[in-house]
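Please open the structure in your viewer and keep the sequence beside it.

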Amino acid sequence: MRIDVLLARAAERLGQTGSPSPRLDAEVLLCHVLEVDRTWLYTWGDRTIDIFPRARFEALVAARAAGQPVAYLTGEREFWGLPLATSADTLIPRPDTETLVEVLLELAVTESGCLLDLGTGIGAIALAFASERPAWEVHGVDCVEPAVALAADNARRLGIGNARFRCSDWFASLAGERFTLIASNPPYIDAQDPHLVQGDVRFEPHSALVAADAGLADLRHLVEQSAAHLEPGGWLALEHGHTQGAAVRALLIAKGYRAVTSRRDLGGNERVTFGQLSR
């Protein structure tokens with residue numbers, strides 16, 4: 001079967017089963033099977049595909065049609081231009097989180113410093129920042145050991161030498177340590193949110209998604225604990241849900257942070273709130 005015909009059929013099937021981006025999903029899966037890029041598919045769409053890669057591709061399409069995330073099927077997701085290995089133990093990084101990276105880069109006004117990424121997962125935020133600020137020390141922590149191992153492997157594979165990863169339940173293993181910037185994309189979804197039974201999140205670890213107190217419990221904990229781990233004048237930056245900006249601003253102000261600001265993502269939603277620890 002010709003590649004362009006195979007892709008068209010796969011995209012049609014995925015569109016019928018609820019994928020929001022059926023053609024893109026089909027192309028990414030076929031690129032993964034053939035070990036080529038999407039430009040190659042466009043150039044050589046009239047070529048035929050052998051039976052074995054076709055069978056593998058069709059199995060992946062079936063899994064995607066059943067709802068499995070593309071990032072888990074290919075074992076990779078691009079974030080900030082970095083190809084990051086993924087696994088079912090970790091949250092899949094999303095484009096909205098690049099807003100947090102943009103904020104951190106703006107706040108990193110000194111030539112060197114130290115960034116802490118709490119709940120680092122596969123290391124997306126830490127590695128994106130480290131790739132842009134090679135003179136900074138970057139530390140990523142997570143309570144899930146497979147996630148820490150995967151983040152460290154991503155750093156090694158990408159040749160990013162200024163990022164280190166270790167296990168810690170938030171600040172539990174960081175006694176006495178202080179940082180210039182602290183960042184986190186913590187769990188912030190309400191357990192009753194209907195989106196938890198829709199799309200890719202059905203397959204992602206709920207521990208990385210859901211928090212108590214209408215999704216605010218972990219955000220509150222980070223605000224309360226971060227001051228003890230920030231250098232004077234340091235910044236705390238948190239990703240949150242699109243309706244939680246006002247609540248996070250109030251938490252930061254109540255804790256004595258100043259210059260508290262929220263930043264909108266590409267969809268126009270308040271996505272990141274940050275504040276500076278008083279000197």
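This is a predicted model: local features need pLDDT of at least 70, side-chain atom pairs count only at pLDDT 80 or more; totals for chains, interfaces and linings use all residues.

Residues are numbered from 1 along each chain as its sequence is written, and side-chain values use heavy atoms, with hydrogens and water left out.

**Stop 1: the nonpolar cores**

Select Leu-104, Leu-115, Leu-127, Phe-129, Phe-165 and Leu-181, which touch the most other members among the 36 residues of the largest nonpolar core. Such a core is a set of buried Ala, Val, Leu, Ile, Met, Phe, Trp, Tyr and Cys residues joined through side-chain atoms within 4.5 Å; buried means under 20% relative accessible area, exposed over 50%, and partly exposed in between, with a 1.4 Å probe and protein chains only.

Next, colour the elements that each supply at least two residues of this core, among them helix H6 (98-107), helix H7 (124-132), strand E5 (163-167) and strand E9 (270-277). Helices (H or I, at least four residues) and strands (E, at least two) are DSSP runs, numbered from the N terminus. Helix H7 gives the largest share of the core, seven residues.

Which residues are in contact with Phe-129, leaving aside its neighbours within four places in sequence? They are Val-101, Leu-104, Leu-105, Ala-108, Leu-115, Trp-136, Val-138 and Leu-181, where contact means heavy atoms within 4.5 Å. A second, separate core has 26 residues, including Phe-179, Leu-196, Leu-230 and Leu-236.

**Stop 2: the annotated positions**

Now select Gly-119, Thr-120, Gly-121, Ile-122, Gly-123, Asp-142, Trp-170 and Asn-185, where an unreviewed UniProt entry places the feature "binding site". UniProt positions are given in the numbering used here, feature names are shortened, and annotations may be inferred rather than shown by experiment. From this set, Gly-119, Thr-120, Gly-121, Ile-122, Asp-142, Trp-170 and Asn-185 belong to the lining of the second largest pocket. On a 1 Å grid over the protein atoms alone, a pocket is an open set of points where a 1.4 Å probe fits, with protein on both sides within 12 Å along at least five of seven lines, and lining residues have an atom within 4 Å of a point.

Zoom in on Gly-121, which lies in the loop between strand E3 (114-118) and H7 and is buried because its relative accessible area is 14%. Not counting residues up to four places away in sequence, Gly-121 touches Thr-90, Asp-142, Ala-147 and Ala-151. Ile-122 also has its place in the loop between E3 and H7, and at 2% relative accessibility Ile-122 counts as buried.

**Stop 3: charged pairs**

Side chains of opposite charge can pair when their charged atoms come close. The structure holds 14 salt bridges, each being a side-chain nitrogen of Lys or Arg within 4 Å of a carboxyl oxygen of Asp or Glu.

Select Arg-271 and Asp-96, whose side chains meet in a salt bridge (3.7 Å, N to O). Arg-271 lies in strand E9 and Asp-96 in the loop between E2 and H6, so the pair ties together parts that are 175 residues apart in sequence. Is Arg-271 buried or exposed? Arg-271 is buried, with a relative accessible area of 8%, whereas Asp-96 counts as partly exposed at 29%.

Move on to Arg-263 and Glu-106, which form a salt bridge of 3.0 Å, N to O. Arg-263 is in strand E8 (residues 257-264) and Glu-106 in helix H6, so this pair ties together parts that are 157 residues apart in sequence. Elsewhere, Arg-23, Glu-27 and Arg-38 are linked in a network of salt bridges.

**Stop 4: two loops**

Select Ser-19, in the loop between helix H1 (3-16) and helix H2 (22-34), which counts as buried at 12% relative accessibility. The side chains of Ser-19 and Asp-25 are joined by a polar contact of 2.5 Å, a term for a pair of N or O atoms within 3.5 Å in which, within protein, one must be able to donate a hydrogen and the other to accept it, and residues adjacent in sequence count only if both atoms are side-chain atoms.

Finish at Ala-66, in the loop between helix H4 (51-65) and helix H5 (70-74), which is exposed with a relative accessible area of 54%. Leaving aside neighbours within four places in sequence, Ala-66 is in contact with Arg-202 and Phe-203.
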